[in-house]
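Biologist: I would like to learn how to read a model feature by feature. Could you take me through one?

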Amino acid sequence: MIYNQVNNTANNIFNDISINDKRDGSKIVIDATQPISFAFLGVDNGTIDRADEPGRSDAILIGTINPNTKKTTLVSIPRDTYALMDGYETEGDWLFYDKLTHAYAFGDAEMAINSIQELINIPIDYYVEVNMTGLIDMVDAIDGIEVTSPLTFDYQGNYFTEGETRILNGTEALAFSRMRKTDPEGDFGRQKREKLVIEAIIAKGLSFDSIKNYQSVLRTMEDNVKTNLSFNEITYLLGGYRNALGNIQQDNLVGEEMWLDEIYYLYANPEDRLELSNQLRRELELNEIEMEDLALSDTDLYYLNPYYVEDPYYEEETYYEVDSSYQEDYVSEDVYEY
């Protein structure tokens with residue numbers, strides 16, 4: 001009976017999407033020997049005040065699971081990261097860049113995943129998408145999670161104290177992971193708390209005690225979760241990759257503030273993206289890449305060589321040397337806006 005219930009839920013939440021091939025045609029098999037990658041998308045809809053909104057992926061985490069090293073690497077990608085919207089159609093086939101969180105609003109999980117792949121140049125094999133109600137219900141279904149707060153704050157009537165370890169219910173867990181504006185580290189601080197919540201859910205989910213609540217978990221998943229993992233793949237994943245899932249190492253993509261047309265973005269320079277890409281590719285046991293293997297925007301080209309900029313008025317790549325005395329104004333006007 002349990003087998004059939006879990007199978008039915010897995011079929012109901014299964015959502016096959018078209019992910020661009022970044023493995024050169026090689027087939028991924030979850031068999032406890034092959035490293036795999038995944039993306040976790042926390043979407044800001046599903047609650048009463050946002051029931052009709054398409055949502056944005058405000059929490060973006062990518063990771064690798066390597067059964068050979070028995071290690072899971074979990075990396076936060078800032079929601080405001082300046083990124084190519086892969087698959088976004090424009091007049092004249094121009095490439096369109098925006099905040100990474102907006103890729104989900106433009107094209108659901110498919111555009112979000114493909115845009116992440118272009119940003120980092122690693123294959124994303126699987127994804128899990130959860131909305132805000134799903135997080136609340138999931139935590140409640142497993143009788144709460146144990147979390148130690150890294151700072152003292154309150155958010156929407158929920159209070160947390162630095163260094164205090166306590167059991168959070170679903171509403172508290174959402175508030176704990178959602179607050180951003182009063183965190184001294186801003187979105188980076190929120191990313192750290194998001195990962196604490198994800199780790200706590202994984203730890204609780206892998207424990208024997210959670211089995212007694214499986215029906216509540218299944219109901220929550222059917223209403224609020226989507227994934228391209230099949231029932232058999234979920235079964236093999238939990239069985240063959242359990243040791244790796246219990247050993248999580250964290251990292252994050254860093255960046256700097258950038259304003260375009262009075263809109264804030266976080267700019268992750270190509271050197272940091274390349275370093276992160278090769279770190280994850282090593283975990284996936286893939287060949288490392290070079291700078292030319294990254295998708296580079298005009299902003300990236302300027303970052304790599306600030307004394308030359310691409311002339312936007314010629315189809316061919318024509319570069320002009322820029323006098324440093326007016327370089328900043330020239331770039332902000334002709335490159336950033338272009």
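This is a predicted model: local features need pLDDT of at least 70, side-chain atom pairs count only at pLDDT 80 or more; totals for chains, interfaces and linings use all residues.

Biologist: What share of the contacts with a separation of 6 or more joins residues 24 or more positions apart?

Modeller: That share is 63%.

Biologist: Now a helix pair. At what angle do the axes of helix 3 and helix 6 cross?

Modeller: Helix 3 covers residues 132–141 and helix 6 covers residues 214–224. Their axes come within 9 Å and cross at roughly 175 degrees. Angles over 145 degrees count as roughly antiparallel. Helix 3 is therefore roughly antiparallel to helix 6.

Biologist: Which residues meet where helix 3 and helix 6 touch?

Modeller: From helix 3 come Thr133, Gly134, Asp137, Met138 and Ala141. From helix 6 come Ser216, Val217, Thr220, Met221 and Asn224. By type, the residues of this contact are 4 nonpolar, 5 polar and 1 charged.

Biologist: Which residue caps the N-terminal end of helix 4?

Modeller: Asn169 does. A side-chain oxygen of Asn169 lies 3.2 Å from the backbone nitrogen of Thr171.

Biologist: Now single residues. Is Ile30 buried or exposed?

Modeller: The test is relative accessible area, and under 20% is buried. Ile30 has 6%, so Ile30 is buried. Ile30 sits in the loop between helix 1 (2–13) and strand 1 (36–43).

Biologist: Which residues does Ile30 contact, leaving aside neighbours within four places in sequence?

Modeller: Ile30 is in contact with Ile36, Tyr126, Leu229, Glu233, Tyr236, Leu237 and Tyr241. Ile30 and Gly240 are 210 residues apart in sequence, yet their C-alpha atoms are 8.1 Å apart.

Biologist: Take Glu233 from that list. Where is Glu233 placed?

Modeller: Glu233 is in helix 7, residues 231–240. Residues up to four places away aside, Glu233 touches Ile30, Tyr126 and Asn228. The side chains of Glu233 and Tyr126 make a polar contact at 3.1 Å. Val29 is 204 residues from Glu233 along the chain, with 8.5 Å between the C-alpha atoms.

Biologist: What is the relative accessible area of Ser277?

Modeller: The value is 0%, so Ser277 counts as buried. Ser277 belongs to helix 9, residues 270–283. A polar atom of the Ser277 side chain lies 3.3 Å from the backbone oxygen of Asn121. Beyond four places in sequence, Ser277 contacts Ile120, Asn121, Ile122 and Ile289.

Biologist: And Asn114: which residues does Asn114 contact, leaving aside neighbours within four places in sequence?

Modeller: The contacts of Asn114 are Ser18, Ile19, Asn20 and Asp86. Asn114 lies in helix 2, residues 101–120. Asn114 is buried, at 5% relative accessible area.

Biologist: Last, backbone angles. Which residue other than glycine has a positive phi near 60 degrees?

Modeller: Asp93 has that value. Asp93 is in the loop between strand 4 (82–84) and strand 5 (97–99). Asp93 is exposed, with a relative accessible area of 69%. Glu262 also has a positive phi, near 65 degrees. Glu262 is in the loop between strand 13 (256–260) and strand 14 (263–267). Glu262 is exposed at 76%.

Definitions and conventions:
Residues are numbered from 1 along each chain as its sequence is written. Side-chain values use heavy atoms; hydrogens and water are left out. Helices (H or I, at least four residues) and strands (E, at least two) are DSSP runs, numbered from the N terminus. Buried means under 20% relative accessible area, exposed over 50%, partly exposed in between (1.4 Å probe, protein chains only). Contact means heavy atoms within 4.5 Å. A polar contact is a pair of N or O atoms within 3.5 Å; within protein, one must be able to donate a hydrogen and the other to accept it, and residues adjacent in sequence count only if both atoms are side-chain atoms. Axes are lines fitted to C-alpha atoms, for helices over the stretch in contact, and angles run from 0 to 180 degrees between N-to-C directions. Angles under 35 degrees count as roughly parallel, over 145 as roughly antiparallel, 65 to 115 as roughly perpendicular and the rest as oblique. Ala, Val, Leu, Ile, Met, Phe, Trp, Tyr, Cys and Pro count as nonpolar, Asp, Glu, Lys and Arg as charged, and the others, Gly among them, as polar.
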